[in-house]
Amino acid sequence: MENILTTTNISKSYGPVKALNNLNIEVPKGSIFGILGPNGSGKTTTLSILLDVLKPDTGTYCWFNNPNDIYYRKKIGTLLETPNFYHYLSAKDNLKITEAISGRGNEADIDKAIAMVGLHTRKHDKFSTYSLGMKQRLAIGAALLGNADVLVLDEPTNGLDPVGIVEIRNLIKQLGEQGKTIIMASHLLDEVEKVCTHFCILKHGNLLISGPVKEILRNEDILVIETENMAALQQLLTTLPHFIELKQQKSFCEIYFKSNSISPAEFNAYCFNNGIVLSHLEVKTKSLEEKFFELTEN
Ligand SMILES: Nc1ncnc2c1ncn2[C@@H]1O[C@H](COP(=O)(O)OP(=O)(O)OP(=O)(O)O)[C@@H](O)[C@H]1O
């Protein structure tokens, strides 16, 4: 898959604080790429460098596979902090002002951007009458002006109520389906898991992991089972080469295998043929939360 962005060994310090340490990430075209990390992990520093607001101490980055593309910023819409819209003006008039100040887009783009963020029927209403989610959708609309191919969003659901959060998450997914590449910083595991196709995790400026959400969360298969014959099962598991570990919960247990090593049907048959009857068998995907704590604790 073609990459929209590649970074090579980017480092940045603020005095004694190493905010980024040799960051190497690749963002595939058309992905929704989450930059995940706790407060102070280097997310905003990363976005600021990628948008040329801040210079890295060392390292390089390349947008659109073309290091000589001097117009690349025109193809990137950004939402780094909430824009100051005029409360007494409509969505359309606010975006006209944004367009005039930024020089991005034209009249037709404004209507298109408003339609893309689902504010078409409210475009003549005053900004002050909008819900929080609508206000943030308009901010994303402003980032879309000029028909940006890429959106860079810093914590796009910060400060929103639950309804607003759902609105923004759905909008980001829709824009991804329409072919936009979206790079978003977030400290919410759940958000990244629900919205992103790819992600990386930063901690103290170090990259812990990067790649497709599905692959990272699927490098182990977990089977949740119940049986009355636990002792025999434990004995049997030691004979399976791809068995990793067994975690005993209250009434059931979780069995970890290397990825794609045994299907649930094969495991069930293997148990049955060895005299062990399973009263429950279910496949579990590791949550991003489990993976995150596993990575950050190591
Ligand atoms: N202008 C600055 N001067 C000094 N230190 C800074 C500056 N900006 C950031 N830092 C430090 O660099 C580190 C990374 O900060 P950064 O804002 O990039 O992290 P973040 O992951 O975006 O955090 P948050 O989620 O809180 O926004 C932190 O330790 C922060 O205190």
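Which strands does helix H8 (residues 230-237) lie across? Helix H8 lies across S11, S12 and strand S13 (253-258), and runs at about 160° to S12. This is a predicted model.

**Confidence.** The protein chain has a mean pLDDT of 90, with 98% of its residues at 70 or more. Within the protein chain, strand S3 (residues 26-28) has the highest confidence, at 97. Helix H10 (residues 288-297) has the lowest, at a mean of 73. For the complex, the predictor gives an ipTM of 0.96 and a pTM of 0.80.

Four strands form an open sheet in the order S12-S13-S11-S14, with antiparallel pairing. Strand S12 (243-248) and strand S14 (278-284) are the edges, each pairing on one side only. Neighbouring strands are turned by 20° against each other on average, direction ignored. Strand S11 (residues 220-227) pairs with S14 over six bridges, in the antiparallel sense. Thr-227 stands opposite Leu-278 in S14. Two helices lie across strands of this sheet, as tabulated here.

| Helix | Strands crossed | Angle |

**A helix pair.** Helix H2 (residues 91-102) packs with helix H4 (residues 132-144) at an angle of about 40°. Their axes are 10 Å apart. The crossing of H2 and H4 is right-handed. H2 contributes Ala-91, Asn-94, Leu-95 and Thr-98 to the contact. H4 contributes Leu-138, Gly-141 and Ala-142. By class, four of the contact residues are nonpolar, three are polar and none is charged.

Methods:
Residues numbered from 1 in each chain as written. Predicted model: local features only at pLDDT ≥ 70, side-chain atom pairs only at ≥ 80, totals over all residues. pLDDT = per-residue confidence, 0-100. Axes fitted to C-alpha atoms, helices over the stretch in contact; angles between N-to-C directions. Left-handed = near helix turned anticlockwise from the far one by under 90°. Contact = placed C-beta atoms within 7 Å. Nonpolar A, V, L, I, M, F, W, Y, C, P; charged D, E, K, R; others polar. Pairing = 2+ DSSP bridges.
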